[in-house]
Amino acid sequence: MKALVLGARGMLGQDLVKILAPEYEIIPWDLAEIDITREKETLEKIVKVRPQVIINCAAYTNVDQCETHRDQAFLVNAEGTKHVALASYTVKARFVHLSTDYVFDGTASIPYREDNSPNPMSVYGQSKLQGEIYVRKIGGDHLIIRTAWLYGPRGKNFVEAILSQAAEGKQIRVVNDQQGSPTFTRDLSQAIKGLLPMTEQGIFHLTNSGSCTWFEFALHILEESGFKGNEVRPISSKELGRPAKRPAYSILDNSRYEQISENKMRSWQEALKEYFNSRVKG
Ligand SMILES: NC(=O)c1ccc[n+]([C@@H]2O[C@H](COP(=O)([O-])OP(=O)(O)OC[C@H]3O[C@@H](n4cnc5c(N)ncnc54)[C@H](OP(=O)(O)O)[C@@H]3O)[C@@H](O)[C@H]2O)c1
């Protein structure tokens, strides 16, 4: 079975390709092979290869830059997604689209379910929500996977950022007023793989289980990696002063996924341990 992975050289895309490769004939496309902002090109190229599965990891993911590049964010995350969804509908593929916890405003106090109302506070979140709306409107065989706080071996991520600051012996300042679920790209890829042969449709929340703040995550990363003696200081989002507003609470409720797959996502702590093991092994 042919599976087209868009954004295949991104952090999640690379892991997905690796995990799907034994069972699928993978077409790993990134910006060099297809620009999803171009409607005609997207349709023509996808129709030509006629995949049975399309997984869209292509996105404009720099959350802060989206604030000053609103048009580009919407062009890629909303219009680009629409083009892929239309092409997917045309070739009757099973379409898996990646979305984000940042579609929520973070005012909840219990984990977000798929049917909770989104209310994004950032341009990134708004553009991703518009992408979701297009996917649902176009219909066809589709899944929208909302995930969060990704890290993986093949991409710039929070874990590596903390480790490099620790190695430089710097004081590490990390926000302690945003709560979420760090998620290992390998676990997410395995879960997506499990959903592909199913007939289920619509939105799924999918993260490693459990939650923490970025500060707690940083402490755990240092502990797990054996760094000692670095000063880690909790700060507020206001102190950090990032351009894009992030949700204070963006824990996603995985129960729809767990019920349907009969599989529980492991805890973020267990996943992080495996990330470090695989990092050592290479
Ligand atoms: N990272 C997270 O914490 C996180 C959390 C929640 C949800 N997500 C979602 O998960 C998905 C994967 O995220 P990720 O972190 O793996 O992203 P990533 O590493 O930034 O990968 C995205 C890929 O898409 C490519 N791309 C950008 N514009 C494109 C275009 N017009 N046409 C084709 N390809 C294009 C990028 O190429 P260039 O690098 O050359 O621009 C990049 O290779 C995204 O949908 C993201 O919104 C991510």
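**Close-up views of the ligand site and a helix pair**

**View 1. Residues around the ligand.** Of the 25 residues around the ligand, those that come nearest are Leu12, Asp30, Thr61, Tyr124 and Lys128, where a residue is near if one of its heavy atoms lies within 4 Å of the molecule. The model is predicted, so that local features need pLDDT of at least 70 and side-chain atom pairs count only at pLDDT 80 or more, while totals for chains, interfaces and linings use all residues. Residues are numbered from 1 along each chain as its sequence is written, and side-chain values use heavy atoms, with hydrogens and water left out.

View 2. A backbone N or O atom of Ile34 lies 3.5 Å from a nitrogen atom of the ligand.

**View 3. Elements of the ligand shell.** Helix H1 (11-20), strand S4 (94-100) and helix H5 (123-138) each supply at least two residues of the shell, and S4 gives the most, with 3 residues; helices (H or I, at least four residues) and strands (E, at least two) are DSSP runs, numbered from the N terminus.

**View 4. Contact of helices H6 and H8.** Phe158, Val159, Ile162, Leu163 and Ala166 in H6 meet Trp214, Phe217, Ala218, Ile221, Leu222 and Ser225 in H8, contact meaning heavy atoms within 4.5 Å.

Conventions. A polar contact is a pair of N or O atoms within 3.5 Å; within protein, one must be able to donate a hydrogen and the other to accept it, and residues adjacent in sequence count only if both atoms are side-chain atoms.
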